[in-house]
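Subject: Structure handover

Hello,

Here is the structure for you to look through. My notes on it follow below.

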2 protein chains.
Amino acid sequence: MAMMPATPALQEVRQQVADLLEARNLDALLKLLKTQHPADIADVIDLLEKDQRVAIFSMLQNDIAAEVLDETRTEVTRNLVEAIPDEQIADLLESMPMDDAAEVLSELEADRAEDLIGLMEPSEAAEVERLLAFPEDSAGRLMTTKVVRIGASWTIQQALERLRTVDPEVETRAYLYVVNGNRQLVGIVPVWNILTSAPNKLVSEVMDPEVTSVRVDADQEEVAHLVSQYDFFAIPVVDELNRFLGIITHDDVIDILQEEFTEDVQRFGGAAPLEFSYLSSPIIEIVRKRVGWLILLILTATLTGTVMRLFESDLEKTVALSFFIPLLIGTGGNAGSQVTATMIRALAVGEVHFKDLWLVIGRELVTGLLLGLAMGAVGLVRAVTWGTSFAVGLTVAASLCTLVVWANLMGVVLPLFASRLRIDPTVISGPVMSTLVDATGLLIYFSLARVIIGLFV
Amino acid sequence: MAMMPATPALQEVRQQVADLLEARNLDALLKLLKTQHPADIADVIDLLEKDQRVAIFSMLQNDIAAEVLDETRTEVTRNLVEAIPDEQIADLLESMPMDDAAEVLSELEADRAEDLIGLMEPSEAAEVERLLAFPEDSAGRLMTTKVVRIGASWTIQQALERLRTVDPEVETRAYLYVVNGNRQLVGIVPVWNILTSAPNKLVSEVMDPEVTSVRVDADQEEVAHLVSQYDFFAIPVVDELNRFLGIITHDDVIDILQEEFTEDVQRFGGAAPLEFSYLSSPIIEIVRKRVGWLILLILTATLTGTVMRLFESDLEKTVALSFFIPLLIGTGGNAGSQVTATMIRALAVGEVHFKDLWLVIGRELVTGLLLGLAMGAVGLVRAVTWGTSFAVGLTVAASLCTLVVWANLMGVVLPLFASRLRIDPTVISGPVMSTLVDATGLLIYFSLARVIIGLFV
């Protein structure tokens, strides 16, 4: 998403932090940080130099430090874990919800994570290992298992008593999840319904038995889809026998959406998504994720080269033709990517479906024609005022117009067919699009040149 | 984000809907839809033809129809509102939460919305008009005003009694908002705290007095930032005197994130964001949003043209040089946009800050050199096996290598300086990037050509 502006209050805090760091006044800095939310402390620590990070972090209280460690970015988490004794880190991990501990551990090197798990309380270590056994990006990795469960056969009175004894570590108590004797999920009750029902009623009478849940092995995209489609506060996770395992809350879904956006933006730019954050990714991984596209483009550029060789004699006769190649290629690529970007997004949010193909093609042909005429007119004026011959100017204008219409058509057809074939349309966006339009655009340009310049000679 | 796959269950329903439509069996279709969630009914209606939409929609029960109308996309909402009598639409609007009614009304033509508001109950009409008076994309537009308020001076017993009488239309009862005698927000209490506290305690004793709120005129991006930064369930909205007006819930934040991302993707593609969904936007608006960039590019292409004219004699002597122009431009543009996309995202999620400039430049120079060497090697082989002279092949290889390093550098510097100058870095992404790199890339190419080919002649 666009830069999310920090609030004025947070910006002020950051300025104060910078001033205190400049003055090396760590005591005052610590005092300031203590008044801040752990997520903001993490943001400030992200901004510090490595030594300062460790210095500040190790002065935080244990419970705050645990929350901060959960919020820092991968690179910083690794910095901190490296510099702080294992026992202390294990203590911090134990004081986190286990899904967050699993997340922190998954950011570390495998050996290091093993060592730390070995130092945790056996019951918590077992819990964390169980979570880490689920595949990355699956519901099992994201769920919290600390949830209030009540029995369907209990009375409201019993449910109330249970609620009064709930472990304060349980994060989420707005909804209670109802299970039967086989630990299967059979219903859900908002806490306020418990509150406003007669104490001798049964839970099964006040619960909503229609609960949407996800399987523990479901992909995180499915989780995000369900929660955002139905505006859920949280979604329960069950195993293959419908036994209730935990829940995934709305804040995890926001994190998933942000992560998926990041991957999409990287694909838009023509690179495979990075596994970790940018600064924590080794350079060699970044090279590997990018090199594929670039090499592929050299090979497909054979196509544009071949087109140009076909027209070698025309180019020799009229060198001025080559001056407009960058303009044509740029215009075709840009017009195409404007359409592709719009289509990909419209497909993702369900505004456009494959069945709209003809409607969308119609719209983009009209749009392309209007844009093409405008471009052609400007292009003609530009070429002629630049002292280019009228024939070349006319060729450029006619090519620009045709090319924009053609690029708009491709910009619709490629993503729509990709989604029809269940290929993620972001994959064929930007780079593939331009390569295709480049070659065909030059073919159009030189063919028109041969005809139009022929007429004038 | 990537295509969010519909769940298998939903896909099956869609298939059944398609079959029933094919068979024109509207009765069975209606029966099927009645078992579905309103958000899914809306998705199905989105897929239908205009006549079918109206036919199905007008057979739904009022309360379901209201929820469906809230979930359909702009174009469909307009279709439905056009075809259904005003009185009936006004009834539906009245049965929605007023923030949703305001949202539906804001999707209609202004005259039409005025007429409908005129038909609503005066109190609800006033409420909706109050919401519509806030600027679009402000907190005031997004908030729901139906929230449970309790007094700080009340006892827990009084709060419990209030909760039992709450209007069933109130959506959100997980947290109770505490106000003082001046209607100012002074605290927040989770419902479960009310439940587990002694009845004679005061609300002020159990509430959390540290509440983060937003001003009613705050931008929706600030709202999204706060809720996702602090994992809030909802955020309270207050006026300039800290008087409590309503709340914005997590599901609205997910909608904001999706909307902001759509805008960013459109900007990435090099177009100004559309105000409405793609299919509901008039073609002339789409043209207007896209033409700016395209025309600007023609003018900046003067730059590439000027560079080529400088080397006109070289081009005349060695026409083969022009064959590689599309390859060079494509490679420079792609390498640059890979880096820009990564930077923009890393800036947006706070992984990279301006102070990391030198670190990031260092990383990208190394990455660029590795990628450039790989590209140069492949380029040389390609040129030579293609029968191009060794001198031209060497020129292409050296240019590819230099260009990738240069594009990587620009890909870091442009977004980082943009964000420093508080310009949204997506604005300078893709198109501007390529234009800049195109011109400089050609300058590098022809300069190297003059030197290298000169050596061989």
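**A sheet in chain B**

In chain B, strand β5 (residues 234-238) is joined to β6(B) by five bridges, and the two run antiparallel. Helices (H or I, at least four residues) and strands (E, at least two) are DSSP runs numbered from the N terminus, and two strands pair if DSSP finds at least two bridges between them. P236(B) lies opposite I247(B) in β6(B). The open sheet has three strands in the order β4-β5-β6 (chain B), with mixed pairing. β4 (214-215) and β6 (244-249) of chain B are at the edges with a single partner strand each, so one side of each has no neighbour in the sheet.

**Basis of the model**

This is a predicted model: local features need pLDDT of at least 70 and side-chain atom pairs count only at pLDDT 80 or more, while totals for chains, interfaces and linings use all residues. Residues are numbered from 1 along each chain as its sequence is written, and chains are lettered from A and ligands numbered from 1 in the order in which they are written.

**How the chains meet**

Chain A puts 113 residues into the contact and chain B 113 residues (contact: C-beta atoms, placed from the backbone, within 7 Å). On the side of chain A that touches chain B, helix α20 (residues 325-348) of chain A gives the most, with 18 residues. Of the interface residues of chain A, 100% are also interface residues in chain B, so the copies meet through the same surface.

Chain A is superposed on chain B by a rotation of 180° with 0.0 Å of shift along its axis (RMSD 0.1 Å), by least squares on the C-alpha atoms of residues with pLDDT of at least 70 in both. That is the relation of a two-fold axis.

Regards

Methods. Two residues are in contact if their C-beta atoms, placed from the backbone, lie within 7 Å.
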